[in-house]
Amino acid sequence: GIIGPNGSGKTTLMRAIARIMPPAEGSIHVRGRVAPVLELGGGFMPKLTGRENIYLNGAILGYQKKQISERIDRIIAFADIGDFIDSPISTYSSGMRSRLGFAVATDISPDVLLLDEVLAVGDTHFRKKATDRVENLLAEATTVFMVSHSMEHIKKMCNRVLLVENSQLIADGPPDEIIDMYNARTT
């Protein structure tokens with residue numbers, strides 16, 4: 001888990017891990033397939049349909065068309081956006097884009113999953129499905145980096161927490177200890 005006040009560098013760190021931007025100094029070494037879910041639906045092309053965007057995002061994540069075709073029904077079912085799947089993404093609500101973005105990124109069984117405030121979006125039913133999916137990925141030994149302001153999610157899903165402020169690592173340790181430290185610093 002990665003916690004800290006707004007503007008502390010949490011999302012910037014995630015972008016560096018995802019290789020979207022280089023680190024300001026030092027280096028980051030990541031092994032395996034990385035699936036960033038940093039801005040849900042942010043990588044979608046507005047003029048393409050949801051279905052077309054599934055293929056596009058799957059290709060960006062390194063999958064062949066055949067592999068995506070084998071998963072597409074499952075992705076569509078998880079996103080649960082109905083007939084909108086064949087409408088341009090530009091017609092989607094932010095919640096629909098979020099659902100589809102999460103469904104694509106988490107169906108591919110990544111080695112490293114980056115989640116930035118993902119479990120805070122959508123309705124109660126979707127949040128439950130998303131939480132269950134992340135727990136399943138954790139059980140499969142996927143490494144998950146989670147940025148969240150929900151200390152409940154951090155406590156439930158993380159075995160280690162980083163506290164960052166002003167782009168600096170302040171603390172690294174067990175969830176309860178680091179969350180208590182964060183809460184003491186913000187009150």
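Which elements cover the buried residues of helix H5? I opened the predicted model with this in mind, and I found that the cover includes helix H3 (65–79), helix H4 (94–107), strand S3 (112–116), strand S4 (143–147) and helix H6 (151–157).

**Entry on H5.** I then looked up the helix itself, which runs over residues 124–139, has 16 residues and reaches 23 Å from its first C-alpha to its last, close to the 22 Å expected at 1.5 Å a residue. The residues I noted as buried in H5 are Phe-126, Lys-129, Ala-130, Thr-131, Arg-133, Val-134 and Leu-137. I kept a general point beside this list: an α-helix has 3.6 residues a turn, so residues three or four places apart point the same way.

**Entry on S3.** I went on to strand S3, where five of the five residues are buried, so the strand is largely enclosed by the rest of the structure. Val-112, Leu-114 and Asp-116 point one way from S3, while Leu-113 and Leu-115 point the other way, and I noted that all are buried. Looking for its partners, I found that strand S2 (residues 34–37) pairs with S3 in the parallel sense over four bridges, and that S3 and S4 pair in the parallel sense over five bridges.

**Entry on the cores.** The largest nonpolar core has 44 residues, and those that touch the most other members are Ile-3, Ile-54, Leu-100, Phe-102, Leu-115, Val-134 and Met-146. Apart from it I found another core, of eleven residues, among them Met-14, Leu-38, Val-147 and Val-164. In general, nonpolar side chains tend to be buried together in soluble globular proteins.

**Entry on two loop residues.** Where do the residues Asp-80 and Ala-141 lie? I placed Asp-80 in the loop between H3 and H4, and Ala-141 in the loop between H5 and S4. Asp-80 has a positive phi of about 55° although it is not a glycine, and at 47% relative accessibility I recorded it as partly exposed. For Ala-141, which follows H5, I noted a phi near 75°, a positive value in a residue other than glycine. Because its relative accessibility is 63%, Ala-141 counts as exposed.

Notes
Residues are numbered from 1 along each chain as its sequence is written. This is a predicted model: local features need pLDDT of at least 70, side-chain atom pairs count only at pLDDT 80 or more; totals for chains, interfaces and linings use all residues. Side-chain values use heavy atoms; hydrogens and water are left out. The expected span of a helix is 1.5 Å times one less than its number of residues. Buried means under 20% relative accessible area, exposed over 50%, partly exposed in between (1.4 Å probe, protein chains only). Contact means heavy atoms within 4.5 Å. Two strands pair if DSSP finds at least two bridges between them. A nonpolar core is a set of buried Ala, Val, Leu, Ile, Met, Phe, Trp, Tyr and Cys residues joined through side-chain atoms within 4.5 Å.
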